[in-house]
Amino acid sequence: MNANFFTLTTPDGPFGVITSSETPERPGTAVVLASGWTDSVAELSGQIHRSLRPEQITEAAPDAKIEAAVRAFYAGDFAAVGQIEVLQKSGPFRSHAWEVLRTVQPGKPVTYSDYAELSGNPQAVRAAASACAFNAAALFVPCHRVVRLDGSMGGFRWGVQIKESLLARESAA
(Lines give C-alpha, C1' and ligand atoms only; values in the text may rest on other atoms or scores of the structure.)
Protein backbone atom coordinates (compact mmCIF):
# COMPACT_ATOMS: atom_id res chain seq x y z
CA MET A 1 0.00 0.00 0.00
CA ASN A 2 1.14 3.52 -0.82
CA ALA A 3 0.09 6.67 0.99
CA ASN A 4 0.15 10.43 0.71
CA PHE A 5 1.27 12.98 3.27
CA PHE A 6 0.27 16.61 3.45
CA THR A 7 0.37 19.39 6.02
CA LEU A 8 -2.30 22.01 6.68
CA THR A 9 -1.79 25.26 8.57
CA THR A 10 -4.12 25.58 11.57
CA PRO A 11 -4.40 28.00 14.50
CA ASP A 12 -2.81 25.25 16.61
CA GLY A 13 0.17 24.83 14.28
CA PRO A 14 0.96 22.52 11.38
CA PHE A 15 -1.44 19.60 11.07
CA GLY A 16 -0.04 16.62 9.19
CA VAL A 17 -2.16 13.89 7.63
CA ILE A 18 -1.23 10.54 6.08
CA THR A 19 -3.91 9.12 3.79
CA SER A 20 -4.30 6.17 1.49
CA SER A 21 -6.88 5.30 -1.13
CA GLU A 22 -5.42 1.84 -1.66
CA THR A 23 -6.77 0.20 1.48
CA PRO A 24 -8.52 -3.13 0.92
CA GLU A 25 -11.10 -2.15 3.54
CA ARG A 26 -12.16 0.99 1.64
CA PRO A 27 -10.78 0.89 -1.93
CA GLY A 28 -10.79 4.15 -3.84
CA THR A 29 -11.67 6.29 -0.80
CA ALA A 30 -9.05 8.51 0.79
CA VAL A 31 -8.87 7.36 4.41
CA VAL A 32 -6.84 8.86 7.23
CA LEU A 33 -4.20 6.48 8.53
CA ALA A 34 -2.57 9.02 10.86
CA SER A 35 -2.88 12.70 11.72
CA GLY A 36 -1.64 15.18 14.28
CA TRP A 37 -0.11 18.56 14.93
CA THR A 38 3.24 18.01 13.26
CA ASP A 39 4.83 18.48 9.87
CA SER A 40 6.92 15.32 10.31
CA VAL A 41 5.88 12.32 8.26
CA ALA A 42 8.11 10.12 10.44
CA GLU A 43 6.35 11.22 13.61
CA LEU A 44 2.99 10.24 12.11
CA SER A 45 3.94 7.08 10.23
CA GLY A 46 5.23 5.40 13.38
CA GLN A 47 1.70 5.50 14.81
CA ILE A 48 0.19 3.41 12.01
CA HIS A 49 -0.44 -0.26 12.86
CA ARG A 50 2.22 -2.43 11.23
CA SER A 51 -0.36 -4.27 9.09
CA LEU A 52 -1.55 -0.94 7.65
CA ARG A 53 1.84 0.79 7.39
CA PRO A 54 2.41 2.00 3.82
CA GLU A 55 5.42 0.84 1.82
CA GLN A 56 5.86 4.33 0.45
CA ILE A 57 4.61 7.73 1.64
CA THR A 58 4.69 10.57 -0.86
CA GLU A 59 4.25 14.28 -0.17
CA ALA A 60 1.16 15.40 -2.03
CA ALA A 61 -1.39 18.18 -2.30
CA PRO A 62 -4.00 18.03 0.43
CA ASP A 63 -7.03 15.84 -0.12
CA ALA A 64 -9.83 18.35 -0.79
CA LYS A 65 -12.45 16.65 1.39
CA ILE A 66 -10.09 16.25 4.34
CA GLU A 67 -8.78 19.79 4.03
CA ALA A 68 -12.34 21.14 3.90
CA ALA A 69 -13.25 19.16 7.04
CA VAL A 70 -10.26 20.48 9.00
CA ARG A 71 -10.97 24.05 7.87
CA ALA A 72 -14.65 23.60 8.82
CA PHE A 73 -13.66 22.29 12.26
CA TYR A 74 -11.55 25.38 12.93
CA ALA A 75 -14.42 27.57 11.66
CA GLY A 76 -16.76 26.02 14.24
CA ASP A 77 -18.32 23.07 12.37
CA PHE A 78 -16.97 20.40 14.71
CA ALA A 79 -19.02 17.61 13.11
CA ALA A 80 -17.16 17.95 9.80
CA VAL A 81 -14.15 15.91 10.91
CA GLY A 82 -16.44 13.05 11.95
CA GLN A 83 -17.44 12.60 8.31
CA ILE A 84 -13.90 11.67 7.28
CA GLU A 85 -13.05 7.99 6.84
CA VAL A 86 -10.41 6.70 9.25
CA LEU A 87 -8.63 3.35 9.27
CA GLN A 88 -6.96 2.09 12.43
CA LYS A 89 -6.35 -1.45 13.59
CA SER A 90 -6.01 -3.00 17.03
CA GLY A 91 -7.76 -5.48 19.29
CA PRO A 92 -11.54 -5.58 19.77
CA PHE A 93 -11.76 -3.26 22.80
CA ARG A 94 -9.47 -0.55 21.42
CA SER A 95 -11.06 -0.65 17.96
CA HIS A 96 -14.51 -0.29 19.50
CA ALA A 97 -13.27 2.44 21.85
CA TRP A 98 -12.03 4.47 18.86
CA GLU A 99 -15.49 4.27 17.31
CA VAL A 100 -17.00 5.37 20.63
CA LEU A 101 -14.66 8.40 20.71
CA ARG A 102 -16.25 9.57 17.48
CA THR A 103 -19.58 9.84 19.33
CA VAL A 104 -18.31 12.08 22.15
CA GLN A 105 -19.90 15.47 21.53
CA PRO A 106 -17.83 18.64 21.11
CA GLY A 107 -17.95 20.86 24.16
CA LYS A 108 -18.93 17.91 26.38
CA PRO A 109 -15.69 16.14 27.32
CA VAL A 110 -15.93 12.87 29.23
CA THR A 111 -13.66 11.46 31.92
CA TYR A 112 -11.56 8.36 31.33
CA SER A 113 -14.01 6.50 33.61
CA ASP A 114 -16.97 7.70 31.55
CA TYR A 115 -15.14 6.72 28.38
CA ALA A 116 -14.50 3.20 29.69
CA GLU A 117 -18.19 2.87 30.53
CA LEU A 118 -19.26 4.20 27.13
CA SER A 119 -16.90 1.68 25.55
CA GLY A 120 -18.71 -1.16 27.29
CA ASN A 121 -16.43 -1.95 30.22
CA PRO A 122 -16.56 0.42 33.21
CA GLN A 123 -13.62 -1.43 34.81
CA ALA A 124 -11.35 -0.83 31.80
CA VAL A 125 -10.25 2.71 32.62
CA ARG A 126 -6.60 1.98 31.81
CA ALA A 127 -7.58 0.30 28.54
CA ALA A 128 -9.68 3.34 27.66
CA ALA A 129 -6.73 5.63 28.40
CA SER A 130 -4.57 3.36 26.25
CA ALA A 131 -7.03 3.72 23.37
CA CYS A 132 -6.52 7.48 23.60
CA ALA A 133 -2.74 7.11 23.75
CA PHE A 134 -2.61 4.84 20.69
CA ASN A 135 -5.09 6.81 18.59
CA ALA A 136 -3.24 7.56 15.36
CA ALA A 137 -5.99 9.72 13.83
CA ALA A 138 -6.07 12.75 16.13
CA LEU A 139 -8.88 15.25 15.52
CA PHE A 140 -10.82 12.78 13.32
CA VAL A 141 -11.00 10.44 16.33
CA PRO A 142 -11.25 13.12 19.04
CA CYS A 143 -9.25 11.72 21.94
CA HIS A 144 -8.77 15.32 23.10
CA ARG A 145 -12.35 15.11 24.45
CA VAL A 146 -11.30 12.78 27.28
CA VAL A 147 -10.11 14.34 30.54
CA ARG A 148 -9.18 13.19 34.03
CA LEU A 149 -11.78 12.66 36.74
CA ASP A 150 -10.83 15.98 38.36
CA GLY A 151 -11.30 17.80 35.06
CA SER A 152 -7.58 18.29 34.41
CA MET A 153 -6.26 17.62 30.95
CA GLY A 154 -4.26 14.44 31.39
CA GLY A 155 -1.85 13.65 28.60
CA PHE A 156 -2.06 14.38 24.89
CA ARG A 157 0.48 13.25 22.31
CA TRP A 158 0.43 16.66 20.64
CA GLY A 159 0.81 18.65 23.86
CA VAL A 160 -1.54 19.80 26.59
CA GLN A 161 -1.64 23.33 25.10
CA ILE A 162 -3.20 21.99 21.89
CA LYS A 163 -5.67 19.86 23.86
CA GLU A 164 -6.67 22.90 25.93
CA SER A 165 -7.04 24.96 22.75
CA LEU A 166 -9.27 22.35 21.09
CA LEU A 167 -11.47 21.97 24.17
CA ALA A 168 -11.76 25.74 24.62
CA ARG A 169 -12.70 26.17 20.95
CA GLU A 170 -15.39 23.48 21.25
CA SER A 171 -16.79 24.73 24.57
CA ALA A 172 -17.01 28.32 23.30
CA ALA A 173 -19.45 27.19 20.63
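The model is a predicted one.

Four strands make up an open sheet with mixed pairing, arranged in the order β3-β2-β1-β4. At its edges lie β3 (31-36) and β4 (56-59), each of which pairs on one side only. On average, neighbouring strands in this sheet are turned by 30° against each other, direction ignored. Strands β1 and β2 run antiparallel and are joined by 7 bridges, and the hairpin between β1 and β2 passes through 2 residues. Within this pair of strands, T7 has G16 of β2 as its bridge partner. On to the next pair: β2 (residues 13-20) and β3 are also antiparallel, with 5 bridges. Strand β2 is mostly covered, with 7 of its 8 residues buried.

Helix α2 (residues 64-74) lies across β1 (2-10), β2 and β3, and runs at about 25° to β1. The largest nonpolar core comprises 51 residues. At least two residues of this core come from each of β1, β2, β3, α2, α3, α4, α5 and α6 (160-172). The most is given by α2, which supplies 6 residues. In soluble globular proteins, nonpolar side chains tend to be buried together. Inside the core, the residues with the most contacts are W37, Y115 and F140. The surroundings of W37 can be followed in some detail: leaving aside neighbours within four places in sequence, W37 is in contact with T10, D12, G13, P14 and F15, among others. Further along the chain, the contacts of W37 include Y74, A138, L139, F156, W158, I162 and L166.

The structure holds 0 disulfides. For C132, the nearest cysteine sulfur belongs to C143 and is 5.5 Å away. C143 is itself buried, with a relative accessible area of 9%.

Finally, there is an arginine in the interior. R145 sits in the loop between α5 and β6. With a relative accessible area of 5%, R145 is buried, because the value falls under 20%. A polar atom of the R145 side chain lies 2.7 Å from the backbone oxygen of V104. Not counting residues up to four places away in sequence, R145 touches V104, Q105, P106, P109 and V110, together with F73, F78, L167 and E170.

Terms used
Residues numbered from 1 in each chain as written. Predicted model: local features only at pLDDT ≥ 70, side-chain atom pairs only at ≥ 80, totals over all residues. Heavy atoms only, no water. Pairing = 2+ DSSP bridges. Axes fitted to C-alpha atoms, helices over the stretch in contact; angles between N-to-C directions. Contact = heavy atoms within 4.5 Å. Disulfide = S-S within 2.5 Å. Buried < 20%, exposed > 50% of the residue type's maximum accessible area, 1.4 Å probe, protein only. Polar contact = N/O pair within 3.5 Å; in protein donor to acceptor, adjacent residues only side chain to side chain. Core = buried A, V, L, I, M, F, W, Y, C linked by side-chain atoms within 4.5 Å.
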